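Hi,

Here is the structure I promised to pass on.

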Amino acid sequence: MIKTDHYESVVILNAALEDIQIDSTLKRIEETISSNGGEITDVEKLGRKRLAYPIQKSKSGFYIIYQFIAPKDLIKKIERFYRLDDTIIRYLTIKLDNKDLEHIKIMKAKKEAEAEIVDEVAEKVISEDDSDKDDKMNNLNTKISTED
């Protein structure tokens, strides 16, 4: 059996591209990983962000992070693909060890918990706002009817 490791690949695409072109490039990256014995475990699209410094005369880029399990020889193939693709302006692939994977798992759980809290607070605010609206409407209707 071929030994596989966990990897994370951060890719920055030219943000001036149309969404269709970006999706096409992302599909080609995913196909390259899958067809060469890799298995994508997580994809995080961060979207268009301002770059810290201009790269190839671009001031912004489309960021995406792939986490995948793959044999070592795939890394050479995927990075060759990155170099040859004109839409990719920067990339970085690193090998993840168990400590990294545990940290990623903890951070993901923390982010999900925070999202749940935000959703709960938003629901409370919306329901409180609705009751305030009803009270205000009733007060307004009372004032209007007493003025008549």
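Before the rings, a quick definition: rings of Phe, Tyr and Trp (its six-membered ring) pair if their centres lie within 6.5 Å, with planes under 30 degrees apart counted as stacked, over 60 as edge-to-face and the rest as tilted. On that basis, F81, Y82 and Y91 are linked into a cluster by ring pairs. Searching the whole structure turns up three aromatic pairs.

Two bits of housekeeping. This is a predicted model, where local features need pLDDT of at least 70 and side-chain atom pairs count only at pLDDT 80 or more, while totals for chains, interfaces and linings use all residues. Residues are numbered from 1 along each chain as its sequence is written, and side-chain values use heavy atoms, with hydrogens and water left out.

Now the fold. The protein chain has three helices and four strands (DSSP runs numbered from the N terminus: helices are H or I with at least four residues, strands E with at least two). Reading from the N terminus, the order is β-α-β-β-α-β-α.

The four strands make an open sheet, ordered β2-β3-β1-β4, with antiparallel pairing (two strands pair if DSSP finds at least two bridges between them). At the edges are β2 and β4 (88–96), each pairing on one side only. From one strand to the next, the twist averages 20° (axes are lines fitted to C-alpha atoms, for helices over the stretch in contact, and angles run from 0 to 180 degrees between N-to-C directions).

Strands β2 (residues 39–55) and β3 (residues 58–71) are antiparallel and joined by 11 bridges; D42 has Q67 in β3 as its bridge partner. Their hairpin has two residues between the strands, and Q56 there takes a positive phi near 50°. Over on β1 (residues 4–14), eight antiparallel bridges pair the strand with β4, and V10 sits opposite L92 in β4.

Helix α1 lies across β1, β2, β3 and β4, at about 135° to β2. Is T32 buried or exposed? T32 is buried, with a relative accessible area of 16% (buried means under 20%, exposed over 50%, partly exposed in between, using a 1.4 Å probe and protein chains only). Leaving out residues up to four places away in sequence, T32 touches L74, I78 and F81 (contact means heavy atoms within 4.5 Å). That F81 is also part of the ring cluster.

Cheers
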